[in-house]
Amino acid sequence: MIDNDILERVLAEGLRTGADFAEVFASDWRGTGVGLDDGKIEQLSTGRNRGAGIRVIAGDTTGFAHTADLSEAGLMAAARVAAEAARQGGGGTKVIALTTQPSRIVSPIKIDPSTIGKAAKVDLLRRVDDAARSAGGAISQVSAGYSDGRTRIVIANSDGLVAHDERVRTLLRVSAVANGDAGMQTGFDSLGHTMGFELFDKVQVEDVARAAAGRALTKLKARPAPSGSLPVVIKAGSGGVLFHEACGHGLEADLVAKGASVYKGKVGELVASPLVTLVDDGTMTHEWGAIAIDDEGHPSQYNVLIENGILTDYMWDYLRARKEGRPQSGNGRRQSYKDLPMVRMTNTYVLNGEEDPADIIKDTPNGVYVAHLGGGSVNTATGDFVFGMTEAYLIENGEITEPLREGNLIGNGPQVLRDIDRLGNDFAMGNPGTCGKDGQGVPVGDGQPTLRVKSMTIGGTAS
Amino acid sequence: MSTPDRSGELLVIAERVVAMAKPGEQVEAYVSRGLSTEVRVYEGEVEHFVSAQSEGIGIRVIKDGRTGTSYCGTLDPSQIAEVLAEARDNLGYGEPDEWSGLAEPDGVAVVPQSLWDDSLENTSTARKIELAKLLEKLTLAGDSRVRVDDSNYSDAFGEAAVATTTGIRVAGRENGCYLSVGTLADDGDETQTGFGFAVGRNVDELDLERAAREAVDRATRLLGATKPESRRITVVLDPFVTAQFLGIIGGTLNGESVVKGRSLFANRIGEVVANPLLTLVDDPTNPLAYTATDIDGEGLAARRNALIQDGVLQKFVQSSYSARRMGVAPTGNGLRGGYGGSPSAGCLALQIVPGLRSQAEIVAGIDDGILIQQVQGLHSGVNAVSGDFSTGAAGLLIKNGTVGAPVREFTIASTLQKMLLDIAEVGGDLEWLPMSATGVSLVIHDVTMSGA
């Protein structure tokens, strides 16, 4: 995308005002989106966004500018703006010599979606619409979206690194409405992987459509969720977002450094039930949060955050690692070339336990079984978090019984981690997610085996 | 969008695309360009300084009821030709929809708004940094238990133009600046968080003292909070929370949801859907609204629309598509998320008609209630199709007419339909907030609080 000799000159320009680090992040994204709603393919849309962000660091100050102009003149102009923003007196001339990193492939792509005809993408959504509507006469509306994107990336910095990457992601989303005597209910499901169009050789889109429709239909018979504290059993592959919110964000080193995390100063301490081993793993092939290198050019890693309940480490980007004189962990990510990198999660999951999930349910006299979760959010400083249950059931006398209407669950991260008292052996990854932080969204994955939290507050209306 | 940009350059680009329409084609070009600055200060030093520029074009082509779109993040003429060709190719894959079409000028007069201030362009970088530093300092001075997470100055300058083969030709520009501060308050092992903000068209309009005071107050008022007992209770929503609640209600009063069978309120025009105390208006022509504008994202004049009058449902907000499909007049509510997206119906500037009493007067009349000062997880706990409403919350208990102990880590739940009918009072404390809805104190009966 950009030659090394141009990158070298742009980085040198970035250092001219006395900065100690300069970086170019250039990307070229092309994507296709198809939307179906109300029985019709509404539109097919294609787009392209490319540009470069230039970051210059002088001491504790970062200057950043971006441009859609990838010519040498455009890059030099952005470098001057970034350098000026980070001005640190001094100045001078530095020569940069870049060494191209060997390229690394974590998620090999078999079929680049841009080589697939648009008609085949449209056809997927027609199949989705048919399958969702055939799932039950009460299904009154279906909307679905297909999207794919391919991003080519070049990252170069004044430490001499230059790295290239190519990322392909493919996503299908289905949302269904069911209409019954007690009003409308909705169901949602999605499928997304860091892979090409071969995704649809492995998974039948009809299954995704039926899962979404099934959720809407199930809830037509649902009763209001309970109000108050109860044991909660979370189905494998549906509750990873709990860990993402309950502790993942609190283990991001930038938040820890500012004292905005309940996990500050807790490395080496027991912060969770000894059943819990939590990992953030950017190398997990084809998962939604998989990356070969992070957005600062550092290879992705398998990072153990909590081992048998003991906090082992936080997640790190270039800036925080540099300040504390320790290695990066491959967690420096950004939404696009227009954004500064931050510490971000990739695929965050809890390793398998030993129990048969059926035993966990059987041993729960009264509680709630959560089979699908919506989004969530956390206040990292207090640890208070919420997440929405989009498919849930009552557990009565050790058996899953009636479906429940939607609602939020609320808890405190450190407390909930300690209250995990049962862990299954049926690990599964969950739906693809977009994690938001400071206005930037990045693709993330999560997963966990079936588990039980001794007590959580369920935000329903039934007493 | 606002008064035409000085050069008219973007409109020229949009018109050039529209002129390339072939017979039988409807073509729309949306062109935008923006510049922004963001300064973040931490412990008296600049942590980062971001200077951002963006531009792009989105093109929609409609032929025989089929729609195709394409966009790209540059205004390079060779790329624009490719975008138009792509949009044309894409429409071959859309399915015919008899109501498809671009907005058509409907003769409604534009109410001019003043959305641009030249003085912001002349504000020096040093002054922007100084403001963020000053806000951090003022906040820290407010309370010894308070730390500052980050203090930020940002500004944005945006221009946009829309042209269509149906005769729309509009361009406008808008700028503004924003200060925000995030706070942490510590007491022993406990930490709580808060925030404060100030907005203006120029830096002299930014009220730093108020932003600092609110940031301190929000963080410290929850120190010592406990988890309340579960029960049914009367809630008083703080104006900031009411504005978020109104945003959700506004999302259900949408013509697109109606035509696609996803609205709670379909077929209920003329019926009582809320307590008669509630009158809800979408009025982007009111210059006091933060999101005031004169033209919507499809190029129609923005206008005042009463949605709920004295509890009775009056109308839905419409895009030109949903208006055509419902057979009603356009309402000027086509919203656009930038050059990459197509317009869809949405509220622009929701306003609730205020009542008479202050929050203190309202609280004085409540024996057992809770003042909700913040909510968490509206995006995950509210379903605008089924109406289920459940959100994490924090606030102060109200006992015998006075506010008392802080509480947190609980939810409040009901359904949207029931909450509208359970409104018991609308406060007189109208606040114009930096979001697409105004706030007032709002009293709602019979909400379920789930805690311990």
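Mentor: Chain B holds 11 helices and 18 strands. Helices (H or I, at least four residues) and strands (E, at least two) are DSSP runs, numbered from the N terminus. The model is a predicted one, in which local features need pLDDT of at least 70 and side-chain atom pairs count only at pLDDT 80 or more, while totals for chains, interfaces and linings use all residues. Residues are numbered from 1 along each chain as its sequence is written, and chains are lettered from A and ligands numbered from 1 in the order in which they are written.

Trainee: Why is chain B called as compact as a globular protein of its length?

Mentor: The radius of gyration is taken over C-alpha atoms, and the globule rule is 2.2 Å times the number of residues to the power 0.38. For 452 residues the rule gives 22 Å, and chain B has 24 Å, which is close to that value, so chain B is as compact as a globular protein of that length. Its C-alpha atoms fill a box of roughly 70 × 55 × 35 Å along the principal axes.

Trainee: What makes a residue buried, and what percentage of chain B is buried?

Mentor: A residue is buried if 20 or more other C-beta atoms lie within 10 Å of its own, exposed if 12 or fewer, and partly exposed in between, with C-beta atoms placed from the backbone. By that test, 55% of the 452 residues in chain B are buried. Strand S14 (residues 368–376) of chain B is mostly covered, since eight of its nine residues are buried.

Trainee: How do you know which strands pair with S14(B)?

Mentor: Two strands pair if DSSP finds at least two bridges between them. Strand S7 (residues 231–237) of chain B has four bridges to S14(B), and the two run parallel; B:Leu237 has B:Ile372 as its bridge partner there. S14(B) also pairs with strand S15 (residues 388–399) of chain B, in the antiparallel sense and over eight bridges, with B:Gln376 opposite B:Gly392. Both counts meet the requirement of at least two bridges, therefore both are pairings.

Trainee: What makes strands S10 and S13 of chain B edge strands?

Mentor: Four strands of chain B form an open sheet in the order S10-S9-S8-S13, with antiparallel pairing. Strand S10 (312–313) and strand S13 (350–352) are its edge strands, as each pairs on one side only. Strand S8 (residues 280–282) of chain B is joined to S13(B) by three bridges, and B:Val281 is partnered by B:Gln351.

Trainee: How do you know where the domains of chain B lie, and which residues join them in contact?

Mentor: Domain bounds come from an automatic or database domain assignment. For chain B, that assignment gives domain 1 (9–220) and domain 2 (225–452), whose C-alpha centres lie 24 Å apart. Two residues are in contact if their C-beta atoms, placed from the backbone, lie within 7 Å. On that criterion, 27 residues of domain 1 of chain B are in contact with 25 residues of domain 2 of chain B. The largest share of the domain 1 side, four residues, comes from S2(B). That side divides into 16 nonpolar, nine polar and two charged residues. Here Ala, Val, Leu, Ile, Met, Phe, Trp, Tyr, Cys and Pro count as nonpolar, Asp, Glu, Lys and Arg as charged, and the others, Gly among them, as polar.

Trainee: Why is the radius of gyration of chain A said to agree with that of a compact globule?

Mentor: A compact globule of 463 residues would have a radius of gyration near 23 Å, and chain A has 24 Å, so the two agree. Chain A comprises 10 helices and 23 strands, and 61% of its 463 residues count as buried.

Trainee: What are the domains of chain A, and how far apart are their centres?

Mentor: The assignment for chain A gives domain 1 (113–149 + 168–220) and domain 2 (227–459). Their centres, taken over C-alpha atoms, are separated by 26 Å. In contact are 11 residues of domain 1 of chain A and 12 residues of domain 2 of chain A. S7(A) gives the most to the domain 1 side, with four residues.

Trainee: How many residues does each chain bring to the contact between the chains?

Mentor: Chain B contributes 60 residues and chain A 66 residues. Strand S2 (residues 45–63) of chain B supplies the largest share of the chain B side, 11 residues. By class, that side has 12 nonpolar, 35 polar and 13 charged residues.

Trainee: What makes strand S3 of chain A and S2(B) a pair?

Mentor: Four bridges join strand S3 (residues 61–67) of chain A to S2(B), and the strands run parallel. Pairing needs at least two bridges, so these strands pair. A:Ala65 stands opposite B:Ser51.
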